[in-house]
Amino acid sequence: MQTWTVGATTVTRIEEQIGPNDSPAGSFLPQLDRTRFEAHYPWLVPTHYDPASDKLITSNHSWLIRTGRHTILLDSCAGNHKERPWLPRFHHLDVPFMSRLRAAGVTPEEIDIVLCTHLHADHVGWNTQLVDGRWVPTFPNARYLFSRTEHDHWNPEIGDRRQQNPGRAGVYDDSVLPVVQAGQVDLLDGAHAIDDQLLVEPAPGHTPGHVVLKLNDGGEHGLFCGDTLHHPIQVYQPDWSTRFCEDPVQAAVTRRAVLEHCVAHRALLFPTHFAAPHVAAVEPDGDRFRPRFVGCRCSD
Ligand SMILES: [Zn+2]
């Protein structure tokens, strides 16, 4: 198990997969400057970048957050058996994700909150699982927290989205709608305090309703940033948005705000897609930032 601590809260990484992105680095990060990028090769290669294929290496994992009051799954990866032909990395997966969750000491029934930072296919998959040919909620006792802005952005019944993008509609149908129909969803308007330790805040740009989770336990801080950052090179280059950011300019503004929060509060940054060691403190570097990677307290 790979576990970090923030005060008395434990944060465990539940891996779905780690490997090369589907698209080359310069396509994934359209503003990528090769000279600046190559200056980072000593730490980028081979863990975070493969020069031979020009692919960034990224992880897809959930964060299992255990505070004194809550057992939270933050982002739920891509899921098994989902029909994603336009996303080869996430198409028809068969990964022992649930075994890894159980190995961390948690049953699906014990998860009381599932928080999706946004509703892209790689963040909602384990919301549901296939049982007797139907998609049903994986976590029967959980409240699933989504931003209302985000939910309404993806709801295919608004406008003619189902016709415009059948793939996106399919993600909603198999990974969002079943938990809505089960009455397990709470739609969040603006900032939302889960309790006095956990604050969900809007962080738009990657998607319109993207949120981050801020944790404060005994004066120690963590920030779960979802896809406000995909790759650690963006700590050094916070203005490099990905081609999957729906509003790249706003995404860069939000990215800087996330990094500045980490500096100001000495918060550990818990992204969803960084390769090992997955977690970093953030230090200022002129008008940019640099990561100081923080290893886990690891055990099998
Ligand atoms: Zn993602």
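Where does Arg266 lie? Arg266 sits in the loop between H11 and E15. Those labels belong to DSSP runs, numbered from the N terminus, where a helix (H or I) has at least four residues and a strand (E) at least two. Before we go on, keep in mind that this is a predicted model, in which local features need pLDDT of at least 70 and side-chain atom pairs count only at pLDDT 80 or more, while totals for chains, interfaces and linings use all residues. Residues are numbered from 1 along each chain as its sequence is written, and side-chain values use heavy atoms, with hydrogens and water left out.

Let's stay with Arg266 for a moment. Arg266 is exposed, because its relative accessible area is 76%; exposed means over 50%, buried means under 20%, and partly exposed is in between, using a 1.4 Å probe and protein chains only. Most residues other than glycine have a negative phi, and most peptide bonds are trans. Arg266 is not a glycine, yet it has a positive phi of about 50 degrees.

How is a pocket found? On a 1 Å grid over the protein atoms alone, a pocket is an open set of points with protein on both sides within 12 Å along at least five of seven lines, whereas a cavity is a set of points where a 1.4 Å probe fits but cannot get out; lining residues have an atom within 4 Å of a point. Points are joined across faces, edges and corners, and the volume is the space filled by probe spheres set on them. In the second largest pocket, E16 gives the largest share of the lining, three residues. By class, this lining has seven nonpolar, no polar and three charged residues. Here Ala, Val, Leu, Ile, Met, Phe, Trp, Tyr, Cys and Pro count as nonpolar, Asp, Glu, Lys and Arg as charged, and the others, Gly among them, as polar.

Now turn to the largest pocket, which holds about 610 Å³ of space. Of its 27 lining residues, the closest to the centre are Leu87, Phe90, His120, Asp122 and Phe244. Strand E2 (9-24), strand E4 (55-66), H5 and helix H8 (166-175) each give two or more residues to this lining. Its residues divide into 10 nonpolar, 10 polar and seven charged.

Asp122 leads us on to the zinc ion. Its protein donors are Asp122 (OD), His123 (NE2), Asp227 (OD) and His273 (NE2), at 2.1 to 2.2 Å. Donors are N, O and S atoms within 2.8 Å of the metal (3.2 Å for Na, K and Ca), and sites may look incomplete because water is not among the atoms. The arrangement is irregular, because the four donor atoms subtend angles of 88 to 160 degrees. Along the chain, the donors follow the spacing D-H-x103-D-x45-H. Asp122 lies in helix H5 (residues 121-124) and His273 in the loop between strand E15 (268-271) and strand E16 (280-285), so this pair ties together parts that are 151 residues apart in sequence. Both Asp122 and His273 are buried.

The loop between E15 and E16 also holds Pro277. The peptide bond from Ala276 to Pro277 is cis, with omega near 5 degrees. Another cis peptide bond runs from Val45 to Pro46, with omega near 0 degrees. Pro46 is placed in the loop between helix H3 (41-44) and strand E3 (49-50).

His48 is found in the loop between H3 and E3 too. With 2% relative accessibility, His48 counts as buried. Leaving out residues up to four places away in sequence, His48 touches Trp43, Leu56, Ile57, His231, Pro232, Ala275, Ala276 and Phe293, where contact means heavy atoms within 4.5 Å.

Finally, look at His81, in the loop between strand E5 (71-74) and helix H4 (97-103). His81 counts as partly exposed, because its relative accessibility is 41%. His81 has a positive phi of about 65 degrees although it is not a glycine.

Conventions. Four donors count as tetrahedral if all angles lie between 85 and 135 degrees; four count as square planar and six as octahedral if opposite donors are over 155 degrees apart and all others between 65 and 115; anything else is irregular.
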